[in-house]
Every structure is written in structure tokens, then in C-alpha cells.
Amino acid sequence: MKLEEVKRILECEVITGHDRLDTEIKMVCGCDLMSDVLAFIKADALLLTGLVNRQAIRTAGVADVPAVVFVRGKRPDEETVALAEEKGLPILVTNLLLYEACGRLYSQGVPGCEGR
Amino acid sequence: MRRGQTPMTEEGAFRRNFEVLGEDFYNAGRVSTEIKEILQQVGVAATTVRRVAIAAYEAEMNVVMYARRGTVCLELTPELVHLLVRDEGPGIEDIELAMQEGYSTATERMREMGFGAGMGLPNIQKNSDRLVIHSTAGVGTEVEIEVRF
């Protein structure tokens with residue numbers, strides 16, 4: 001699924017990365033704990049998280065995460081957005097809660113990161 | 001990485017040192033990101049780069065969260081990536097306990113940063129081929145990580 005489609009399904013606002021909405025999303029990981037993200041997320045999986053700080057961007061960069069969706073309407077501060085822009089990482093924001101956001105994508109056939 | 005700055009050891013391995021400051025959450029992750037970029041630039045396979053980056057990031061976060069300061073020494077040989085992370089800090093009293101998934105001594109502030117899930121050292125182990133931890137309570141910790149190609 002393209003990031004553009006994720007944006008539509010989750011009713012997202014694009015904070016940065018408008019030019020990268022053709023990014024292919026193969027899996028999704030919904031998680032607020034960055035160490036758990038590092039432990040369970042697979043490369044090329046979209047990260048859905050409520051942790052809106054630099055560490056979310058750093059974690060995404062380290063773990064080959066192609067894009068991040070912040071849930072619960074949480075908006076990153078300017079410095080966090082600047083870091084994402086520097087790393088070329090698209091950031092989207094949805095007002096949906098984590099469970100609802102994951103559920104919508106899962107029901108559209110996007111799998112999770114099951115299997116360690 | 002500028003080629004002119006590439007220090008070569010006598011054995012022909014690439015070596016570089018990085019400084020990490022305790023409590024410096026703003027820059028936390030910068031060293032591991034830099035290490036990742038170096039490995040990508042020299043053409044290391046993506047899956048290996050990812051393993052090293054994750055292990056380095058967890059080790060770097062441990063220094064930021066718990067220690068006063070630390071150093072990360074990256075060494076690259078034709079066979080492997082070697083990371084030596086040394087810090088001056090409280091040390092780990094019970095390494096075996098710290099290696100257990102879910103065990104954490106993290107503070108509220110560390111949890112706010114998304115860490116302290118008790119997955120740090122287990123994540124390093126999972127992403128490395130060799131992990132050796134030496135620690136002296138009240139002095140510091142030395143973490144040696146090896147990822148083979």
C-alpha cells in the first residue's frame with residue numbers, strides 16, 4: 001500500500017514528506033515504546049506511534065522505517081519536524097487512536113510485524 | 001565521512017571514536033545514526049547495517065540515560081563490525097538481571113523518551129553475534145559488540 005493510501009484511510013494531515021507519498025508500505029507496527037519498536041519492527045514497516053519527540057525520528061532512522069504516523073492528534077514540535085526533514089522521513093498526523101488506526105490499516109490488508 | 005579523515009589501524013581496519021554525553025537527550029541517537037551512515041557509505045549490506053545501528057542506538061541510549069559520559073569506538077574489519085562502548089556512570093549491579101527482557105531501572109523521564117521498556121540489552125544481544133559486558137558498580141560499564149558480515 002502506498003503512503004498516499006494510508007493518508008486517506010487514516011484521514012491524516014501530512015506534516016512533512018509531501019513528495020514521498022508514493023512510498024510503499026509493506027507492514028505496520030503500532031507502538032509507543034521505542035525499545036519495543038527496535039525489538040519488533042521489521043525494515044520497511046510503517047510506524048504508528050503516540051510518542052511525539054526526536055527519539056521517534058531517531059528510532060525510525062535506525063530501524064529503516066520509511067514513514068511515521070503520529071496518532072491521537074499529537075503534533076511534533078518544530079525541532080522534531082526539522083530532524084525528520086533532514087533525514088527525509090515523511091511524518092503524518094491522524095486524530096485516530098492507535099487501536100483504531102491500526103485496525104483500519106489491518107482491515108485493508110496491511111499486515112503487522114508478527115514473528116521476531 | 002570524508003576520506004581524508006579515515007584513520008586506518010596497522011591491521012588495515014577502519015576505526016573511529018565518538019563521544020556521548022549523559023543526559024543529552026537532544027543529541028541522543030546522533031552517534032548511531034552517524035555509524036549507520038558510515039556503514040552504508042562503505043557498502044555494508046542493509047540487514048547488517050540495520051543490526052549494527054539498532055545495537056549501537058540501544059548502547060548509546062544507555063549512556064545518555066544512565067551515565068555521565070561515554071565513548072563509542074567503531075572498528076570495521078573485512079570480517080566484522082566491532083563496537084566498544086565505555087562509560088563513566090553507575091555501572092550495572094546485576095548484569096544477568098539486566099539482560100532479562102522487561103527488567104528496567106529507568107526513570108520517568110527516560111520512559112517519557114520512549115525508553116525503559118527493559119529491552120535495551122536484550123535488543124543489543126539479538127542484533128549482535130557477540131556481546132560482552134563488563135561493569136563495576138559506581139565506576140562504569142564497558143559493552144563490547146560484534147556483528148559479523
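In which sense do strand 3 (residues 45-49) and strand 4 (residues 68-70) of chain A pair, and over how many bridges?

A: Strand 3 and strand 4 of chain A pair in the parallel sense, over three bridges; pairing requires at least two DSSP bridges between two strands. The model is predicted, with pLDDT of at least 70 needed for local features and 80 or more for side-chain atom pairs, while totals for chains, interfaces and linings use all residues. Residues are numbered from 1 along each chain as its sequence is written, and chains are lettered from A and ligands numbered from 1 in the order in which they are written. Helices (H or I, at least four residues) and strands (E, at least two) are DSSP runs numbered from the N terminus.

Within this pair, A:Thr49 has A:Phe70 of strand 4 as its bridge partner. The two strands belong to an open sheet of five strands in chain A, ordered 1-5-4-3-2 and mixed in its pairing. Its edges are strand 1 and strand 2 (27-30) of chain A; each has a single partner strand, so one side of each lacks a neighbour in the sheet. Neighbouring strands of this sheet are turned by 25° against each other on average, direction ignored; axes are lines fitted to C-alpha atoms, for helices over the stretch in contact, and angles run from 0 to 180 degrees between N-to-C directions.

A:Val69, leaving aside its neighbours within four places in sequence, is in contact (C-beta atoms, placed from the backbone, within 7 Å) with A:Val6, A:Leu10, A:Cys12, A:Leu46, A:Leu48, A:Leu92, A:Thr94 and A:Ala101. A:Val68 and A:Val69 have the most contacts inside the largest nonpolar core, which has 73 residues; such a core joins buried Ala, Val, Leu, Ile, Met, Phe, Trp, Tyr and Cys residues through C-beta atoms within 7 Å. The largest share of this core, 13 residues, comes from helix 2 (residues 46-66) of chain B.

Helix 4 (residues 78-87) of chain A lies across strand 1 and strand 5 of chain A, at about 75° to strand 1. Its buried residues are A:Thr80, A:Leu83 and A:Ala84. They lie on the same side of helix 4 of chain A because they cover an arc of only 100° around the axis, taken from the directions from the helix axis to the C-beta atoms. What covers them includes strand 1 (13-16), helix 3 and strand 5 (91-93) of chain A. The face turned away from this buried side carries the exposed residues A:Glu78, A:Glu79 and A:Glu86. Buried denotes 20 or more other C-beta atoms within 10 Å of the residue's own, exposed 12 or fewer, and partly exposed the range in between. Just after helix 4 of chain A, A:Gly88 takes a positive phi of about 70°.

Strand 1 of chain B is joined to strand 2 (residues 69-76) of chain B by eight bridges, and B:Arg15 stands opposite B:Glu75 in strand 2 of chain B.

Technical notes: Two residues are in contact if their C-beta atoms, placed from the backbone, lie within 7 Å.
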